[in-house]
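Subject: Structure handover and notes

Hello,

Please look through it alongside the notes below.

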Amino acid sequence: MAKDNDPRLLRGAAVRQRILDEAAQYIASQSSIGKLVSISIGEVAEVAVYVRNQARVAHQLKLPFDQEFWGSDVTQEECKARLQEMNDDPSILGVILQRPVPDHINLRSLQSAIHPLKDVEGMNPASIGNIIYNDVALAPCTAAAAVELIRETGLNMEGLEVVMVGHSEIVGKPVAMMLMAEGATVTVCHHMTRSVAMHSRRADVVVVAVGKAHLLGPDMIKPGAVVIDIGINQTPDGILGDVDTEAVKEVAGWITPVPGGVGPVTVAILMRNATIAHQRQIASGWLT
Ligand SMILES: Nc1nc(=O)c2c([nH]1)NC[C@@H]1CN(c3ccc(C(=O)N[C@@H](CCC(=O)O)C(=O)O)cc3)C=[N+]21
């Protein structure tokens, strides 16, 4: 196992603390602030882990927090009605809808039902479009966490060759857009890409968000590359990332561990997004 002070490990702790300190300061400066509500539909292990950490950190920050668990038999109409109520509830600051949702639920329709000013994950189609215009202030949390960790290396992002492995709407695509906004040259690989290795081997930075344990091996990166592992795979050996960390860290220049890398920063970004939503609600005259 990597030693704690292994310089090749790009840990999330320092980035997380900076972001949380800023959010805590903002929250303390407000006479009052609404609550962040996290909605889960059905039982999903990695969602439970995420929501538990949201609750813990919100409590530390003194940010009011609520979690709602909707049964996997909930109907689309019931979901939309509840989201509409939340949009109109002044005690609620923002809403995050955990993924995945049961197959019978139309996720995009629900994301659209969360008012953009309460959309703390930036996944309402009206919100995610901002990223195309380089407005990345309020972006999907995991994607923003990956970008913050690349920035932590100190590498100049302009012209940086980045390969994003995975093209999900909540991670892969936002990461690609956000890094392009920083001037990087981004290649996005996915399940139809003929050879991922052909692309990843020439990359300065490889970001992996596929959901396949140890998908990325040491032969798939060039020496000194930055490797950002966004995978959270439940396996009989515990939670593994999408990268074979022990083998890849012998070749990489930096590599984010799982746990201890992107995950903790994701939670911090969500808290920051909540404070940004609050500022936007004030700017829009919703709040005084
Ligand atoms: N709309 C939506 N957005 C998400 O961002 C989202 C989601 N749905 N569904 C579930 C996944 C999973 N996810 C995690 C985030 C942080 C940790 C985390 O804090 N991990 C810690 C360890 C956690 C622990 O073991 O306590 C770490 O990696 O160090 C885990 C999982 C976000 N997700």
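The notes below go from the domains to the core, then to charged pairs and backbone details.

This is a predicted model, in which local features need pLDDT of at least 70 and side-chain atom pairs count only at pLDDT 80 or more, while totals for chains, interfaces and linings use all residues. Residues are numbered from 1 along each chain as its sequence is written, and side-chain values use heavy atoms, with hydrogens and water left out.

Domains

The protein is divided into domain 1 (29–117 + 265–284) and domain 2 (141–262); these bounds come from an automatic or database domain assignment. Taken over C-alpha atoms, the centres of domain 1 and domain 2 are separated by 27 Å. The contact (heavy atoms within 4.5 Å) takes 11 residues from domain 1 and 12 residues from domain 2. About 890 Å² is buried between domain 1 and domain 2, and carbon and sulfur atoms give 60% of that area. Buried area here is the accessible area (1.4 Å probe) that two parts lose on being put together, summed over both. Of the area that domain 1 buries against domain 2, Arg99, Val265 and Thr266 supply 52%, more than any other three residues.

In UniProt, an unreviewed entry lists residues 140–281 as "domain: Tetrahydrofolate dehydrogenase/cyclohydrolase NAD(P)-binding". UniProt positions are in the numbering used here, feature names are shortened, and annotations may be inferred rather than shown by experiment. Over residues 140–281 the chain is 36% helix and 18% strand, with the end C-alpha atoms 18 Å apart. Helices (H or I, at least four residues) and strands (E, at least two) are DSSP runs, numbered from the N terminus.

Nonpolar core

The largest nonpolar core has 59 residues, and Leu63, Val207, Ile228 and Met271 have the most contacts inside it. Such a core is a set of buried Ala, Val, Leu, Ile, Met, Phe, Trp, Tyr and Cys residues joined through side-chain atoms within 4.5 Å. Buried means under 20% relative accessible area, exposed over 50%, and partly exposed in between (1.4 Å probe, protein chains only). Helix H10 (residues 262–283) gives the most to this core, with 10 residues. Both domain 1 and domain 2 contribute at least three residues each to this core. Not counting residues up to four places away in sequence, Val207 touches Ala146, Ile150, Val162, Val163, Met164, Val165, Val175, Ile228 and Ile230.

Salt bridges

The structure holds 16 salt bridges, each a side-chain nitrogen of Lys or Arg within 4 Å of a carboxyl oxygen of Asp or Glu. Across the interface of domain 1 and domain 2 there are 2 salt bridges. Glu148 forms a salt bridge with Arg272, with the closest N and O atoms 3.1 Å apart.

Lys249 and Asp6 meet through their side chains in a salt bridge (3.6 Å, N to O). Lys249 lies in the loop between helix H9 (245–248) and strand S10 (254–255) and Asp6 in the segment before helix H1 (13–28), so the pair ties together parts that are 243 residues apart in sequence. Both Lys249 and Asp6 are buried. A salt bridge also joins Arg8 and Glu250 (3.2 Å, N to O). This pair links the segment before H1, where Arg8 sits, with the loop between H9 and S10, where Glu250 sits, 242 residues apart. Arg8 is partly exposed at 25% relative accessibility, whereas Glu250 is exposed, with a relative accessible area of 51%. Asp6, Arg8, Glu246, Lys249 and Glu250 are linked in a network of salt bridges.

Glu161 forms a salt bridge with Arg202, the closest N and O atoms being 3.0 Å apart. Glu161 is in strand S4 (residues 161–165) and Arg202 in the loop between helix H8 (196–200) and strand S6 (205–208), 41 residues apart.

Backbone

Most residues other than glycine have a negative phi, and most peptide bonds are trans. The peptide bond from Arg99 to Pro100 is cis, with omega near -5 degrees, and Pro100 lies in the loop between strand S3 (92–97) and helix H4 (107–113). A cis peptide bond also joins Val258 and Pro259, with omega about 0 degrees. Asn134 has a positive phi near 65 degrees, and His214 has a positive phi of about 55 degrees.

Regards
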